[in-house]
Amino acid sequence: MKKHLAILLVLFFCSLSLKSQNTITGKVRDKNNKEPIPGASVLLLHPEDSTMLAFALSDDGGKFVIGDVQQAEYLLEISFLSYASAYRKIELRATRTTEDLGVILLEPVSETIQEITVLAEHIPMGVIGDTISYNAAAFRVRPGATTEDLLKKLPGIEVGRDGSIKAMGEDVKNVLVDGKEFFGNDPTIATRNIEAEAVDKVKVYDKKSEEAEFTEVDDGVKEKTIDIQLKEEYKSGGFGRIEGAVGTASRYEGKMNYNRFSPVMQASVILHANNVNKKAFSFREFNEFMGGISSFTSSSLSRLVSWGNNGNAPKGLANDLASGANFNYDLGSKLKLTSNYFFFRNENDVIENTSANLFDDKGEFGSRDSTASTINNIFHKLYFKLKYTPGKKSKIIWENTLSKGFDDQGVHAISDFFRDENLANRTVRDYRTARENTGYETQMIYRKKMDKKGRNFSIRGTLETGRALDTSMVYNTFLTSADIDQRQYYIARKDFFELKSSYTEPLGEDIFLTGSLQANNEKERPSKDFFDVVNAVPVLNEVLTATVTKKINSYKPRFSIRKNGEKYKINASMATQWTSIQVTSAAGENIINDVFNYLPRLTVDYDLTKSKSIDIGYHTDIGIPSLLQLAPLPDNSNPNSFLVGNPELLPTYTHRMHMRYRSVDRFNFKSFFANISYSVIKNKVINDITITQDLLRRIKPINTDHYNQLSGWFLFSRPIRPLKVKMSWNTQISGSAYEGVINSLKSDVQELNINTRFKIENRKKESIDIGAGIQFDHTNTRYAISPKLDTRFFNYSLFLDSDLFLGDFVLSSTFDYRRFNPSFFSEGRTISLWSASIEKTFNEGRLTLRLEANDLLNQNIGFTRFGTQTGLNTSRYNTLARYFMLGLKYKIGKKKEEKGMF
């Protein structure tokens, strides 16, 4: 299969270049001063109807290149802001392959245009400063496509299968709609729920921090941002879509979104329900919230490094229901409201089997775990923000977030431990936990600009409070000890307060001195009551029942000086932080640690050219140990691992050096990015693991100064014009060297993980959109305490994605071939995943009929390998395999416009 796939790919891409092709080149200059004009739009038009056939942008030297042009007559249009457009008639002949037009002079016009003006559907993109603006009408997408589909067509933008977005090689952090927030910070909500038909322009730029935008003093904080600008007719009125599908094995999926916009309002509603393991939202907030204050009871402290994971196989069989509402309203010229609400319900049944090859100071041993769990989650989140601008020189921001979650989990697990192939211990665990979490966060910000430019003041106050309630029923049986039958009641409260003020004073031209003071106060107080069930009667277990407390106070003054030059930015700062950690353990022991640290920082950003930049930096950071590490409550829900706290833990102190290089040819769409960082970590918290005679684990966190990390990320992409394709290559490297402790014996561990991905896709996507590639994963782990367990994994996967456009029909297919190489304790495995669909549109694209087949070869399985400090593991779990679905999609509201859609 691999050979056949490779041959098909080579034949397909090579067939695209069989016709004789020509290249058009030239230089664009100012007619008056003869200076190069970078960023000019060069359009190759059909001479009869001015239809755009190809385009390019001039580079920093004013040069442009249009490749892959067939022999014929054309009209060339050259345009740029504030200049009169120029036109050239061209006839390409077989006698030459390169047509050099020489220097083309543009004449300045009398009026300066401040914004990009799109002329009909001809100009696909333009550049002003650091902002790239794409004209959506110049890029064809299939009927009913989403904004995500549109983004996949735009040069310089990459969209991952999970919906993540990269622009010019950088992760996109924000997706705005007409410059406003849309459902918080989840980019996929906007890109997957707004029709491409509604989009006029897509702007990509580096968004400054809110403080820098207000004060007009660049603080170096930027986030790659995409702003989806709607067509005028969509800025007023309503539009959306309704989808529904049913399939084999009782599978179903339903979606609905509706948007109603006006010049002063944005209102959107989303609803999504399915049992095909699809998530409507990323719900990062949910994961953080449910793993927050309730995590005191968790005992999973082991280091986890995973490789060979079948990323298309979510664990278990899930039923999801999600809904959301977004409401932004300008209450006047001075007051603006931003708000959203989320509801999420998830039911998931997971069956997982894990085998492990472990070791201690006495040698090797193994374990087998079989777990069946049922998980039910419900989550509500309400967010609103008010921005009040009483004048040009002051602003007040008030943000609020309210969250409430419910978690009901039942687990049945059997664990067997073997030494020399003999059963050494068996535990059977049955427990059920009902959890309720409530949280509230509020933040108030006041910013003030003074009369002198650059002089400003700000103050910010943050208050967070949360509460968790757990009720658990635990029944564990053991081969080597007495059984446990208990009722456990857990309650915790967490409060956090932070106050930060800063003042900036200009010292000269583009030189600023900033002083700030930050004070934090944090308190956590969980308690747990244990009741032994004796003859069906709960009896308080006073030995296990306990309350612990953690109080943290910290004060951090910082002084920084910043120089913002035309091509460079330098920021040097020095902070000191005094931290007081007070811990009261379950035994009533009270320990106070006072720590004082210096926190220097230096960053240098330098623009080598308009398209190349480099920045280097040195940072220091402080990490406070969690209450789970300092003083955990007793937890016997998983008796195979017992956690012992260490109230004397010191904060982690990290030195990190980094270098980033960026080279982006926005005009020929070539880019190269490199990011390298190295960290030396002192007082790193690691686990001192003791393996008992019964092969159970006792875990105690300790500090170590032996922990170093190295990471690198590289991305290169460019078009290959003779083949009419675009290629991209990226590599991620991570390595670490640290010290592990097992049964009081120290052991050095070294890790190296390399992930390389190569992708190639066609550039002209009018009739077919196809992309293919290969990915390699390599892991090398060395254990000084047991060299026999040193491991090397080399896994790879092939993938092929395609869309074929045949009038009102769209045929789509995705194929993945994955090979997990064998190891000394785990067999090899091959997985082939193939899914396909066909769509037919009716009624001018308003109605779409879709038939899809998922996992046609019925090979989708859950499979992963991961390493811990004491060994290596292979896990298999249930997931959704082959099914077929038939569905309908109907557009609500605006009708398709005939002009300018493509």
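Author: A residue is called buried under 20% relative accessible area, exposed over 50% and partly exposed in between, with a 1.4 Å probe and protein chains only as cover. The model here is predicted, so local features need pLDDT of at least 70 and side-chain atom pairs count only at pLDDT 80 or more, while totals for chains, interfaces and linings use all residues. Residues are numbered from 1 along each chain as its sequence is written, and side-chain values use heavy atoms, with hydrogens and water left out.

Reader: Is Ser 502 buried or exposed?

Author: Ser 502 is buried, because its relative accessible area is 9%. Across the protein, buried residues account for 48% of the 902 residues.

Reader: Which residues does Ser 502 touch, not counting residues up to four places away in sequence?

Author: Contact means heavy atoms within 4.5 Å. By that criterion Ser 502, which lies in strand 27 (residues 484-508), touches Glu 211, Asn 456, Phe 457, Ser 458, Thr 514, Gly 515 and Ser 516. With Ser 458 there is also a polar contact of 2.8 Å between the side chains, the term standing for a pair of N or O atoms within 3.5 Å, where within protein one must be able to donate a hydrogen and the other to accept it, and residues adjacent in sequence count only if both atoms are side-chain atoms.

Reader: How should I read the strands, and how many does the protein have?

Author: Strands of a sheet pair through backbone hydrogen bonds, either parallel or antiparallel. Helices (H or I, at least four residues) and strands (E, at least two) are DSSP runs, numbered from the N terminus, and the protein has six helices and 50 strands. Two strands pair if DSSP finds at least two bridges between them.

Reader: In what order do the strands of the open sheet stand?

Author: Three strands make up that open sheet in the order 4-1-7, with mixed pairing. Strand 4 (63-69) and strand 7 (98-106) are the edge strands, each pairing on one side only. Strand 1 (residues 22-30) is antiparallel to strand 4 over five bridges, and Asn 22 stands opposite Val 69.

Reader: Which strands does strand 46 join, and through how many bridges?

Author: Strand 46 (residues 829-842) runs antiparallel to strand 45 (residues 809-820), with twelve bridges between them, and Phe 815 has Trp 834 as its bridge partner. Seven bridges join strand 46 to the antiparallel strand 47 (residues 847-854), where Leu 849 stands opposite Lys 840. The hairpin of strands 46 and 47 has four residues between the strands, and Asn 843 takes a positive phi near 55° there.
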